[in-house]
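Have the sequence open alongside.

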Amino acid sequence: MTVPRPFVYFCPSTESEALALLRDYKGEAKILAGGMSLIPLMKLRLVSPKYVIDINRIESLSYIKQDRDKIRIGALTRHHDLERSDLLKKVLPILSETASWVGDPQVRNMGTIGGSLSHADPSGDLGSCIIALRGELVIKSERGERTISIDNFFVDTFTTVLQPDEMLKEIIINVPKDRSGGAYLKLERRAGDFAIAAVATQISLDPKGICSYAGIGLTAVGPTNLKAKKAEEFLLGKELNDKVIEEAAEIAASEAKPTDDPLRGSAEYKRAMVKVLTKRALKISLNRARGG
Ligand code: FAD
């Protein structure tokens, strides 16, 4: 089936109009952002909302800006804009790097960061990056606004804490301190595909070269994007030599929850790849934190 079931289409131009529609059609409406995930699901009739609320005309949802020590990104910001942003390349290069791995240019031109996070595909690249950066998410409804950590956002595959009347509005990330570096490494079957496994790492070093911040997010190896919490804790307070990085990668691999799948390989293979990718990503992050 390649044609969606009939639906009523709304195209609000303000956030308050969109939130009023979400309130009125609670549970029967879906937000349409880039449409890169929602439209295929509707065409396959796996999702059939009665009402579609297209937010593409809401200009106040699309921006990347620095507000003192925070970077604020509107939910409707396209992957392409993340990839090309001079501000992000300077301050949060891992985010531009991660966006460049999403799908192909067509997908990046349409897909949005808010759509990617709200869709909650464990193979989504941006979720792991935002986990490594300890991002916060601003969620809005007519009832008010709440800000939650990315660590509390994903509930299960394709499921988040978003309520039917809520919209993801903004992603907030702290500007990393001096001597910080990050990397996103993705293993894929072919260019533009979803990950077999991928890893985001972000670290900071204190003036003596000791690890003062560690963030690690894992892609496609669990029911959601995963935080490798034990590996992060292991790195803190240590000098990041080869032995420590090897051990942290081993711990991250043990935190992955991969499953066998006929397309992208066995759970054992994916776990082994998490170890390899974490090790490499940490080494690149370390080099970048040292100014390399
Ligand atoms: P939509 O498809 O418009 O929406 C997705 C879901 O999120 C819907 O349920 C919608 O209601 C909800 N939603 C959207 N915005 C909001 C909001 N602000 N608040 C609350 N709910 C909202 N992704 C990757 O990470 N890596 C890849 O390699 C990759 N490859 C792809 C290849 C192809 C061919 C395609 C079609 C997609 C691929 N994607 C990939 C997915 C892509 O990143 C999508 O852009 C993303 O998953 C969804 O973003 P969207 O803006 O298109 O959202």
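## Thr 112

Let's start with Thr 112, which counts as buried because its relative accessibility is 3%, under the 20% cut-off. Keep in mind that this is a predicted model. Thr 112 sits in the loop that links α6 (105-110) to α7 (113-119).

What does the side chain of Thr 112 reach at 2.9 Å? That would be the backbone nitrogen of Gly 115. Looking past its neighbours within four places in sequence, Thr 112 is in contact with Ala 33, Gly 34, Ala 75, Leu 76, Thr 77, Arg 78 and His 79.

## Arg 108

Over in helix α6 you'll find Arg 108. Its relative accessibility is 11%, so Arg 108 counts as buried too. A polar atom of the Arg 108 side chain lies 3.3 Å from the backbone oxygen of Ser 100.

Setting aside neighbours within four places in sequence, the contacts of Arg 108 include Arg 78, His 79, His 80 and Glu 83. As for Cys 129, 21 residues away along the chain, its C-alpha atom is 16 Å from that of Arg 108.

## The nonpolar cores

The largest nonpolar core has 33 residues, and Ile 73, Leu 95, Leu 117 and Phe 153 have the most contacts inside it. Among the elements supplying at least two residues each are β5 (70-74), α5 (93-100), α7 and β12 (195-205). Helix α8 gives the largest share, five residues.

Beyond its neighbours within four places in sequence, Ile 73 is in contact with residues including Tyr 63, Leu 88, Leu 95 and Ile 171. There's also a second, separate core of 31 residues, with Ala 183, Val 199, Ile 203 and Ala 248 among them.

Methods:
Residues are numbered from 1 along each chain as its sequence is written. This is a predicted model: local features need pLDDT of at least 70, side-chain atom pairs count only at pLDDT 80 or more; totals for chains, interfaces and linings use all residues. Side-chain values use heavy atoms; hydrogens and water are left out. Helices (H or I, at least four residues) and strands (E, at least two) are DSSP runs, numbered from the N terminus. Buried means under 20% relative accessible area, exposed over 50%, partly exposed in between (1.4 Å probe, protein chains only). A polar contact is a pair of N or O atoms within 3.5 Å; within protein, one must be able to donate a hydrogen and the other to accept it, and residues adjacent in sequence count only if both atoms are side-chain atoms. Contact means heavy atoms within 4.5 Å. A nonpolar core is a set of buried Ala, Val, Leu, Ile, Met, Phe, Trp, Tyr and Cys residues joined through side-chain atoms within 4.5 Å.
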